[in-house]
Amino acid sequence: MNDKITAPVFKDRKGKEKLTMLTAYDYVCAGIVDDAGIDSILVGDSLGQVVLGYPSTIPVTVDEMIHHTKAVSRGVKRALVVIDMPFMSYHESIEQARRNAGRMIKESGASAVKLEGGVIMKEVIKALVDIEIPVMGHIGLTPQSINRMGGYKVQGKGEEAKRLIDDAKAVEEAGAFAVVLECVPRELAKEITGMISIPTIGIGAGPDCDGQVLVIHDLLGILEGFRPKFVKTYMNLRQEMDSAVKSYIKEVQEGAFPDDSRSFH
Ligand code: KIV
């Protein structure tokens, strides 16, 4: 349990043990998740929505990703830290992708990058792998495509299945060490998992993937509003926090906190 998880170790786990991954965006949370024994921590660009309050992942910048990933890396001893490349940080050219990925790895302490796109990003993935940067792919529902997709919908149904299979093969052929499958029908995720040699990490892709990833805020039940079907909340932290904060307000207002036991003499 103590050996550092590297990208090759992560990849070699396929077919042997299920892989576990969660997002984290700060030092304390990363330390808790790492100490609990997670295999990999993703500093996802979901940062934009769950930490920074943006309406989507689109506005997230390279600097914001580096800032939060530095904090995460300081809290992690064992897990593989993966940093998400934000929208428009790898879309212009191979040179731009290399420059940003290189900077993100050098400055953030992460050991791998993740980027969205299959066939269309094949050359970009290859170019990063060629300069020794491990890449995790991400296909299916790719949140950076929100403006084209017009909403967060299940991908790869019917005719679209073939496109998704091509995407998975392209990511594998480009040299990625793993691929996230987001919001994909269970049967298709199973087929892709059996077809490629790198681990598939599912989120809304059923139980047959090689591993699973969730946004930590979803697992903790801290967010308000819509909760996708695939999310399982393991506690209701929002309620716990609400009641703790309300107790504090009440005790301060009533003069019950701080009492003499919490005072200096
Ligand atoms: O940004 C993110 O948190 C992600 C996961 C949902 C896979 O990409």
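Biologist: How far apart do the C-alpha centres of domain 1 and domain 2 lie?
Modeller: The C-alpha centres of the two domains are 39 Å apart. The bounds come from an automatic or database domain assignment.

Biologist: And which residues does that assignment give to each domain?
Modeller: Domain 1 is 7-234 and domain 2 is 237-265. This is a predicted model, so local features need pLDDT of at least 70 and side-chain atom pairs count only at pLDDT 80 or more, while totals for chains, interfaces and linings use all residues. Residues are numbered from 1 along each chain as its sequence is written, and side-chain values use heavy atoms, with hydrogens and water left out.

Biologist: D84 next. Where is it?
Modeller: D84 sits in strand β3 (residues 80-84). Strands (E, at least two residues) and helices (H or I, at least four) are DSSP runs, numbered from the N terminus.

Biologist: Is D84 buried or exposed?
Modeller: D84 is buried, at a relative accessible area of 2%. Buried means under 20%, exposed over 50%, and partly exposed in between, with a 1.4 Å probe and protein chains only.

Biologist: What does D84 touch?
Modeller: Leaving out residues up to four places away in sequence, D84 touches L42, V43, G44, D45, M65, M104 and K114. Contact here means heavy atoms within 4.5 Å. A polar atom of the D84 side chain is 2.8 Å from the backbone nitrogen of D45.

Biologist: Switching topic: how many salt bridges in the whole structure?
Modeller: The search finds 17. The criterion is a side-chain nitrogen of Lys or Arg within 4 Å of a carboxyl oxygen of Asp or Glu.

Biologist: Where do D166 and K162 lie?
Modeller: Both are in helix α8 (residues 160-174), four residues apart, about one turn of the helix. K162 is exposed at 54%, whereas D166 is partly exposed at 28%.

Biologist: What about D208 and R186?
Modeller: That pair also meets in a salt bridge, at 3.2 Å, N to O. D208 is in the loop between β7 (200-203) and β8 (211-214) and R186 is in helix α9 (residues 186-195), so the pair ties together parts 22 residues apart in sequence.

Note on methods. Polar contact = N/O pair within 3.5 Å; in protein donor to acceptor, adjacent residues only side chain to side chain.
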